[in-house]
Amino acid sequence: MCLAVPSKIIRINDLMATIDVMGARREISLMILPEEVKTGDYVLVHAGFAIQKVQEDVALDSLNLINEIVREMQEEH
């Protein structure tokens, strides 16, 4: 099973982008992304490639849900 976490694009350089994933930064490829993106957009990333652009409100809802799940898991331990 794969989990794609919404990631915010913070810099674009040709077909590569720097993204912020819950505070961690990574370099990813935009090569296979079917739509154009700009700095500030959210994308889903799989295996180092942006695979889909995501609306900001959906991305933020997803990130909040992920944070809630992690918090609950930490409380259980």
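I began at V21, which stands opposite A24 in β3. Strands here are DSSP runs of E with at least two residues, and helices are runs of H or I with at least four, both numbered from the N terminus. The model is predicted, so I kept its limits in mind: local features need pLDDT of at least 70, side-chain atom pairs count only at pLDDT 80 or more, and totals for chains, interfaces and linings use all residues. Residues are numbered from 1 along each chain as its sequence is written, and side-chain values use heavy atoms, with hydrogens and water left out.

**Hairpins.** I looked up the pairing of β2 with β3 (residues 24-29) and found it antiparallel over six bridges; two strands count as paired if DSSP finds at least two bridges between them. Two residues lie between these strands, and M22 takes a positive phi near 50° in this hairpin. I then turned to β4 and β5, which pair in the antiparallel sense over five bridges. Y42 stands opposite V54 in β5. This hairpin also has two residues between its strands, and A47 there takes a positive phi near 55°.

**S29.** I placed S29 in strand β3. S29 is buried, at a relative accessible area of 8%; buried means under 20%, exposed over 50% and partly exposed in between, with a 1.4 Å probe and protein chains only. I listed its contacts (heavy atoms within 4.5 Å): S29 touches L15, M16, G48, F49 and A50, leaving aside residues up to four places away in sequence.

**Core.** Of its 18 residues, I9, I19, I28, L30 and V43 touch the most other members. The elements giving two or more residues are β2 (16-21), β4 (42-46), β5 (49-54) and α1 (56-76), and β4 gives the most, with four. Not counting residues up to four places away in sequence, V43 touches a set of residues including V5, I9, I19, I28 and V54.

**Helix α1.** I noted 21 residues in α1 and a reach of 30 Å from first C-alpha to last, close to the expected 30 Å; the expected span is 1.5 Å times one less than the number of residues. Its buried residues are A59, L63 and I66. The buried residues of α1 pack against β1 (6-13), β4 and β5. On the other side of α1, I found D57, D61, E75 and E76 exposed.

Note on methods: Core = buried A, V, L, I, M, F, W, Y, C linked by side-chain atoms within 4.5 Å.
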